[in-house]
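Please read them with the structure open beside the text.

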Amino acid sequence: MTNDKYTEKLMGTVRSMRKLTDAAWDMVIDCPEAAKKAVPGQFAHLLPEGNYSLRRPISICGINKEEGTLRIVFEVRGEGTKTLASYQAGDRVNLLAPLGHGFTLLPSDRRVILIGGGIGTPPMLPLAQYYGENAVCICGSRTEKAAVLQEDFAKTGCKTILCTDDGSAGVHGLVTVPLAEELQANRPEMIYACGPMPMLRSVAAMAKEQGIPCEVSLEERMGCGVGACLVCACNVYINDGEIHAAHVCKDGPVFDAERVVW
């Protein structure tokens, strides 16, 4: 799926806005045109109200095609996201969506492992909803208070494992520790991951060693969101090991982990 069909500006309406943690916010947007086309793994490109020239790329956390809504969860990291966090129900939202390539979906009865690190956790939720009890979701967070969406994941029926850097909840340490245990206990047919690059690199290496397909959603700074500005370039392998400069916004954000030049 390319971005070419979806570069028109859309105007959505905030249905609900909720603070999840000290830094994270949960926004549901009424936008039937975008919700109808969206698939897990794609993102929305939001333009904050005011004197901003660049949009903010935010992963899609929920898709309700019947109600015509998209759900996004984001952290305040600058003035733009701070402005987005000030929105209230009924406010209008300027967005481009859905953008990018999403995850490859297997039949929902296949066993999969989902791995989300920090703000890379939200795009795992639509996959958990799709696979339900056939999924294991491993989430990494700095602290228990910074962890997001744990109740949402539990409601899907998937097995949930929380890892924290400080040991305040769940497993004390990296997501790769429970991942290794899950790989040994019951081999999955796919691993999906989104989060910091060091985490993705480690997960990709473990998947390759075990011969398990793995898809990763990369996080990069973006300008246009449609492959024109070249800001979000990343290197991937094509053909017989030839390296090619791809764009996270247009060619991704989801890539076969073995194609990424780590």
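Which residue in S14 does tyrosine 237 stand opposite?

1. Tyrosine 237 stands opposite isoleucine 243 in S14. Strand S13, residues 233–238, and strand S14, residues 242–247, run antiparallel and are joined by six bridges; two strands are said to pair if DSSP finds at least two bridges between them. The names used here follow DSSP runs numbered from the N terminus, with helices being H or I runs of at least four residues and strands being E runs of at least two.

2. Before going further, please note that this is a predicted model, in which local features need pLDDT of at least 70 and side-chain atom pairs count only at pLDDT 80 or more, whereas totals for chains, interfaces and linings use all residues. Residues are numbered from 1 along each chain as its sequence is written, and side-chain values use heavy atoms, with hydrogens and water left out.

3. The protein chain contains six helices and 15 strands. Its radius of gyration is 18 Å, which agrees with the value near 18 Å that a compact globule of 262 residues would have; this radius is taken over C-alpha atoms, and the globule rule is 2.2 Å times the number of residues to the power 0.38. Along the principal axes, the C-alpha atoms fill a box of roughly 50 × 45 × 35 Å.

4. Of the 262 residues, 51% count as buried, where buried means under 20% relative accessible area, exposed over 50% and partly exposed in between, with a 1.4 Å probe and protein chains only. Among the contacts with a separation of 6 or more, 63% come from residues 24 or more positions apart, a contact being heavy atoms within 4.5 Å.

5. Helix H6 spans residues 197–210, and its 14 residues reach 20 Å from the first C-alpha to the last, close to the 20 Å expected at 1.5 Å a residue; the expected span is 1.5 Å times one less than the number of residues. Met199, Leu200, Val203, Ala204, Met206 and Ala207 are buried in H6. They lie on the same side of H6 because they cover an arc of only 165° around the axis, the arc being that of the directions from the helix axis to the C-beta atoms. On the other side of H6, Lys208 and Glu209 are exposed.

6. The buried residues of H6 pack against strand S7 (112–117), helix H5 (176–185), strand S11 (190–194) and strand S12 (214–217). Just after H6, glycine 211 takes a positive phi of about 70°.

7. Helix H5 can be read in the same manner. Its buried residues are Thr176, Pro178, Leu179, Glu182 and Leu183, and they are on the same side of H5 because their arc around the axis covers only 155°. Glu181, Gln184 and Ala185 are exposed on the other side of H5. The packing partners of the buried residues of H5 include S7, strand S8 (135–141), strand S9 (159–164) and H6.

8. Some backbone details deserve a careful look. Most residues other than glycine have a negative phi, and most peptide bonds are trans. Leucine 149, however, has a positive phi near 70°; leucine 149 lies in the loop between S8 and helix H4 (150–155) and counts as buried because its relative accessibility is 6%. Asparagine 239 also has a positive phi, of about 50°, and sits in the turn of the hairpin that S13 and S14 form with three residues between them. Asparagine 239 counts as exposed at 67% relative accessibility.

9. Please also check the cis peptide bonds. The bond from alanine 97 to proline 98 is cis, with omega near -10°, and proline 98 lies in strand S6. Glycine 252 and proline 253 are likewise joined by a cis peptide bond, with omega about 5°, and proline 253 is in the loop between S14 and strand S15 (254–256).

10. Finally, glycine 102 is found in the loop between strand S6 (92–99) and S7 and is partly exposed, with a relative accessible area of 22%. Leaving aside residues up to four places away in sequence, glycine 102 touches Val39, Pro40, Gly41, Gln42 and Val254. Glycine 102 and aspartate 251 are 149 residues apart in sequence, yet their C-alpha atoms are 9.9 Å apart in space.
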